Amino acid sequence: MKKGLCILGATGSIGVSTLDVVGRHSDQYKVIALTANTNIDALLEQCIAHRPEYAVVVNEVKAEQFKTKLKTSEVSNISVLSGVKALEFVSTLNQVDSVMAAIVGAAGLLPSLAAAKAGKTVLLANKEALVMAGDIFMQAVNESGATLLPIDSEHNAIFQCMPAGYKAGNTTKQARRILLTASGGPFREKAIEELHDVTVEQAVAHPKWDMGRKISVDSATMMNKGLELIEACLLFNMAPDDIQVVIHKQSIIHSMVDYVDGSVLAQMGNPDMRIPIAHAMAWPERFDSGVEPLNIFEVRQMDFEKPNLERFPCLRLAYEAIKAKGIMPTVLNAANEVAVDKFLNEGVKFTDIPIIIEKCMAGFSADTADSLEKILQVDQQARTASHKIIETMLA
Ligand code: NAD
Ligand code: MG
């Protein structure tokens, strides 16, 4: 029996890599639904190649344009839906077994959570969903019996280094530490005093990974590693102080688990997201990802260094947020999304990003995050506060 797959965020970097893997294993997977926000040309091509039952275009104007295009295409029988509710509808369809959660940012929370509540196999790339609503998300997975498989390369690596039969969210007493690797991004060695005038083009040009624009900026500020630190605390039930971030510029080791007997297990491979995607899609088996074998002789050398928190204040803020727990990771994530968006589109400086986040966090007192309603409310409040901070800054 083929597994039914829904890809949330099919037109993005992770979505495209997922479809590449699916194309190699059409005997095992059937695409049931593909979703996009606005990129209808890419979605149409994907629909022609993969013949889903449903296509969702969240933006309603674009959805109408998409329907017109579809009518004259060879795939006019596909059902087209629009609006945010349609994302939840397709991620919980009976014929869907696995949901690739690859929408970027907070917009991915509700459909990813719906998939978890419906007991699906959730392939989680959308780290922001977990950062925003970690406890609620993990609780939904536990209660429904959903299978949660990490796609983020580091978390997928850690998962692979965990003992056989390991389930996300469980504690592993024998694992004493996680070594979370980071490439250090494009500004690992740039003089700190020159960081204030880096351009958007410089920030999104990642030396090792080809990714969407938001995560590329997050990698340059190292907020990506901050979000991943929080993600790792939740997925592997570890305290933040038991997770050491390690800058490893070659991006060959994707993370490590340090066991009580002194064994350190690492997962290695070429930096290509099709590896964690194929791992999760074939789990607990393995299949071909299409990635070239690692040439260890070309790698030759691997370097490891501690991150400098003065260079990367976003990483410090993430440690502070996860230690404060409750609503603070939600606030951190919302402020970061607003600040990065304004950096990408409207003249906020690269070095303003952590300043905006820190100011925003300072405006919130520690509080529990015990319901989805509260999390969504805090998310909105933090966004409004961040916009105000930016207005004052630019005035
Ligand atoms: P991307 O920007 O390339 O793609 C984002 C996808 O989400 C697109 O399909 C877009 O249509 C959809 N989308 C955007 N805004 C939306 C909205 N408001 N409503 C509905 N859909 C929306 O992003 P990406 O690089 O593929 O990253 C996706 C997620 O995976 C992010 O959470 C990122 O942190 C995570 N991730 C990505 C990589 C990578 O290599 N790209 C690696 C690890 C984790
Ligand atoms: Mg990652």
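The paragraphs below lead from the overall form of this predicted model to its ligand and then to a few individual residues.

The protein has 395 residues, and its radius of gyration of 20 Å agrees with the value near 21 Å that a compact globule with this number of residues would have. Along the principal axes, the C-alpha trace spans about 55 × 55 × 40 Å. The secondary structure comes to 17 helices and 11 strands, and 56% of the residues count as buried. To give a sense of distance within this fold, K67 and S289 stand 222 residues apart in sequence, and their C-alpha atoms are 33 Å apart in space.

Oxygen atoms of the ligand take part in several polar contacts with the protein. An N or O atom in the side chain of E128 is 2.6 Å from an oxygen atom of ligand 1, while the backbone supplies a polar atom of G212 at 2.9 Å from a ligand oxygen and an N or O atom of A125 at 3.4 Å from a ligand oxygen. On its own, ligand 1 has 830 Å² of accessible area, and the protein covers 86% of that area.

Helix α3 (residues 60-71) holds K67, which counts as partly exposed because its relative accessibility is 33%, between the limits of 20% and 50%. Helix α4 (residues 84-91), by contrast, includes S91, a buried residue with a relative accessible area of 0%. The side chain of S91 reaches the backbone oxygen of P111 at a distance of 3.2 Å.

Helix α12 (residues 274-282) is mostly covered, with eight of its nine residues buried; these are R274, P276, I277, A278, H279, A280, M281 and A282. In the loop between α12 and α13 (296-299) one finds P284, and the peptide bond that leads from W283 to P284 is cis, with omega near 5 degrees.

S255 has a positive phi, near 150 degrees, although it is not glycine; S255 lies in strand β10 (residues 253-259) and counts as buried, at 0% relative accessibility. K325, also a residue other than glycine, has a positive phi near 55 degrees.

Is K325 buried or exposed? K325 lies in the loop between α14 (313-324) and α15 (328-345), and at 55% relative accessibility K325 counts as exposed, since the limit for that class is over 50%.

Note on methods:
Residues numbered from 1 in each chain as written. Chains lettered and ligands numbered in written order. Predicted model: local features only at pLDDT ≥ 70, side-chain atom pairs only at ≥ 80, totals over all residues. Heavy atoms only, no water. Polar contact = N/O pair within 3.5 Å; in protein donor to acceptor, adjacent residues only side chain to side chain. Areas by Shrake-Rupley, 256 points an atom, 1.4 Å probe, with all protein chains shown as cover. Helix = DSSP H or I, 4+ residues; strand = E, 2+ residues; numbered from the N terminus. Rg over C-alpha atoms; globule rule 2.2 N^0.38 Å. Buried < 20%, exposed > 50% of the residue type's maximum accessible area, 1.4 Å probe, protein only.
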